[in-house]
Amino acid sequence: MPADYPLPDFIEFEGWAYEGSLRQQDVRPSGFNDRAASVGVRFNGFYLFQLTADYGKAMIGQPAPEPEASLTVRKHVRTVLLRLVAKHTNPDQVIEYLCRATADRRSAEAWYAELLAVLPFATYTTDATGFITYFNEAAVTLWGRRPALGWDRWCGSWHIYSLDGAPLPHDRCPMAVAILEDRRIRGVTAIAERPDGSRVRFRPFPTPLHDNDENLVGAINVLLDLGAA
């Protein structure tokens, strides 16, 4: 983490010990991910890296064999840490970093799939024509259904309504407008109806994604659940 960034409170929990920060010229411990650290610091101000008891006070950069039995534990720890990181995010942060990933000519959902999966709010992406390419479980909960990738277009909601109750066709929803007009849409609240008939108010953050040549390549949308309508 940056030297001027305060130590996160959870580091003081039992079982954690702060060993210090790595300088640019320091040799990295085995398993340390420079790219993940760079993204983590930009995203939350810190990057969590587990130095296990196997390494102890061993010399930095000396790899130690990892027992097969520890892999499940490590996977669990990774999931817990990702959830912790997700709790410290907001829609604009998610959008900022997904936009950066796409600018690097990489798939945004592939780069951040694990983080998107544990975000506390609904997130999905589309291609440049509006067909859904990715959605997380929070989106499934909000929509009440699983849209078909590459088939469902603009949004995964069963039906959408404006706040006055008027039907809002999918091709006129905020995500469609963002893609068709190639601009961010903000300040909109709408109502999504699930297949079971229940409704939920939500606030969308549809944002076009571009490549390095500023060509439209898709869009990212974060949906904030505002409660039952």
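User: Which strand pairs with β1 over three bridges, and in what sense?
Analyst: Strand β2 (residues 132-135) pairs with β1 in the antiparallel sense over three bridges. Two strands count as paired if DSSP finds at least two bridges between them, and strands are DSSP runs (E, at least two residues), numbered from the N terminus. The model is predicted: local features need pLDDT of at least 70, side-chain atom pairs count only at pLDDT 80 or more, and totals for chains, interfaces and linings use all residues. Residues are numbered from 1 along each chain as its sequence is written, and side-chain values use heavy atoms, with hydrogens and water left out.

User: What stands opposite Thr125 in β2?
Analyst: Tyr134 stands opposite Thr125.

User: And which residue takes a positive phi in that hairpin?
Analyst: Gly130 does, with a phi near 95°. The hairpin of β1 and β2 has four residues between the strands.

User: How many bridges join β1 to β7?
Analyst: Six bridges join β1 to strand β7 (residues 216-228), and the two run antiparallel. Within β7, Ala219 is the bridge partner of Thr126.

User: Why is β1 largely enclosed?
Analyst: Five of the six residues of β1 (residues 122-127) are buried, so the rest of the structure largely encloses this strand. Buried means under 20% relative accessible area, with a 1.4 Å probe and protein chains only.

User: Changing topic, how much of the chain counts as buried?
Analyst: Of its 229 residues, 39% count as buried.

User: How many helices and strands does the chain have?
Analyst: The chain has seven helices and seven strands; helices are DSSP runs of H or I with at least four residues.

Methods. Buried < 20%, exposed > 50% of the residue type's maximum accessible area, 1.4 Å probe, protein only.
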